[in-house]
Amino acid sequence: MLYGHTTHSSEDCCINVNVGGFKQRMDPDMVKKFPQTRLGRLLCCSSQEAILELCDDFSPSDMEYYFDRNPLFFCYVLNFYVTGKIHLVDGLCVVSFVQEIEYWGIKERHLDYCCSERFLERLETAGDKQWKSEEEDVNGSDCSSLQMSTSEQEMDMYEGRWCGDTRRNIWLHLEDPSHSILAKLVAVTSLSAVLVSIIAMCVHSMPEFHELDENDREIENPVLTFIENLCVLFFSAEFVLRLAVAPLAKRFLCSPLNMIDLLSVLPFYVTIVFDMMDEGESTELENLGKVVQILRLMRVFRILKLARHSAGLRSLGATLRHSSRDVGLLVLFLSVGMSMFSALVYFVENETEESTLQTMPVGWWWATVSMTTVGYGDTFPVTFAGKVIGTLCIICGLLIVALPVSNIFQKFSKFYEKRKQLDLIWRQGNAQNDLRPL
């Protein structure tokens, strides 16, 4: 028994296809025009085992191929073999349409121009629904406090508890600026404290504001120290109050935004403990000064507190988590490019005395600032070959960085729009809760 192309060159020059009960005789020459499709690959099979890998059943007696697929869609497949173009099927889900054309081995580029726009619109609509579910999964942790306040079931947890109505009212004032005028004032005060703390931290680093004690040792400015302590006390009181009135304390503490709030005030108290331990000037505590400096630098975490008041920053965090694969590819591409160009520039520059690219680590630094288009100018090639390599390095860096950026930006735009919708739903849900009878 012969199969495939040898069989179809006999007297019966047609192949018999049975798709869900719909039978059709097809010309092999017409199918051969598209050898990458499923039917085109069937003509190249030389054994029955290979044929059964591409169809559901096969009858050697009458050379009939059986497919358990949608017979209505197969009519569009037949039209594709005749015209070379595929059209959208009315009443068929776009996801099912994509699955069907993938099964028959038809590419999306074969879609006729009259259906291309509709296909993209339906695909985008289906993608928006998928984005909504994915965003809820991705943002489930970082906006847990937001979802906690919007859930009516969790709002009911206040009932029957100690000072339930009072705690619920305080929680809404702290979490929802649109709840009342007082809630807006609380949000503005919290945001102002964050900005003042950041400004004070920046001003503290300026030599003009440094002061000296009686022993000519540099000390902190008392005014800036007072502002710093006042802001920390405000952050601490706010965190403790929000923890006390939260519907679920455990879930509140597991929220990344609340962890940032805790990290922003924790270094202040740890620094006080280290300063008290360092009063004895023990030799075992001689490195505490460096530890204290590191802890003071951790005050930079207060900048992240702005994410509580910015939907854009929360969307950016969700985008970075959701785009881990794109960011990983970007790092991989940059690493490969830096390794290659650092080796090339070292090879052509190491024998030139005027060049500073005498080692591979220096070449890595040069390739890094070149591919990322930073270009400090501290290290640069001096030979003609090195300049050519530098030009190629910069061009490749532009292309590599630009590849995943568009996809990441698209994800950020979708996350930001969904975040705004969630905030609107949150406000509407809280407004409905306020109208419930007590």
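Helices here are DSSP runs of at least four residues, numbered from the N terminus, and in this predicted model Thr 379 is placed in the loop between helix H18 (360-371) and helix H19 (384-434). Thr 379 has a relative accessible area of 12% and is therefore buried, given that buried means under 20% relative accessible area. Apart from its neighbours within four places in sequence, Thr 379 is in contact with Thr 356, Leu 357, Val 362, Trp 365 and Trp 366. The loop between H18 and H19 also holds Thr 373, whose relative accessibility of 47% is the reason why Thr 373 counts as partly exposed. The backbone of Thr 373 has a phi near 60°, which is a positive value in a residue other than glycine.

In the protein as a whole, there are 19 helices and six strands. Of its 438 residues, 39% count as buried. Where contacts in the protein join residues at least 6 apart in sequence, 64% of those contacts are between residues at least 24 apart.

The crossing of H10 and H12 is left-handed, and the residues that make the contact are Arg 167, Ile 170, Trp 171, Leu 174 and Glu 175 on the side of H10, with Leu 241, Arg 242, Ala 244 and Val 245 on the side of H12. Helix H11 (residues 181-204) likewise packs with H12, at an angle of about 145° and with the axes 10 Å apart. H11 passes H12 in a left-handed crossing, to which H11 contributes residues including Thr 189, Ser 190, Ala 193, Val 194 and His 204, while those from H12 include Leu 224, Ile 227, Glu 228, Cys 231, Phe 234, Phe 235 and Glu 238.

Aromatic side chains were also examined, and the structure holds 14 aromatic pairs. One of these is formed by Tyr 103 and Trp 104, which lie edge-to-face, at 5.2 Å centre to centre and with 85° between the planes. Tyr 103 counts as buried because its relative accessibility is 16%, and Trp 104, at 0% relative accessibility, counts as buried as well. A further pair consists of Phe 239 and Phe 252, whose ring centres are 5.8 Å apart and whose planes stand at 45°, so that the pair is tilted. This pair links distant parts of the chain, since Phe 239 lies in helix H12 (residues 222-245) and Phe 252 in helix H13 (residues 249-253), 13 residues apart. Both Phe 239 and Phe 252 are buried.

Tyr 103 and Trp 104 also belong to a cluster, in which ring pairs link them with Phe 22, Phe 67 and Phe 74.

Terms used. Residues numbered from 1 in each chain as written. Predicted model: local features only at pLDDT ≥ 70, side-chain atom pairs only at ≥ 80, totals over all residues. Heavy atoms only, no water. Phe/Tyr/Trp six-rings, centres within 6.5 Å; stacked < 30°, edge-to-face > 60°. Buried < 20%, exposed > 50% of the residue type's maximum accessible area, 1.4 Å probe, protein only. Helix = DSSP H or I, 4+ residues; strand = E, 2+ residues; numbered from the N terminus. Contact = heavy atoms within 4.5 Å. Left-handed = near helix turned anticlockwise from the far one by under 90°. Axes fitted to C-alpha atoms, helices over the stretch in contact; angles between N-to-C directions.
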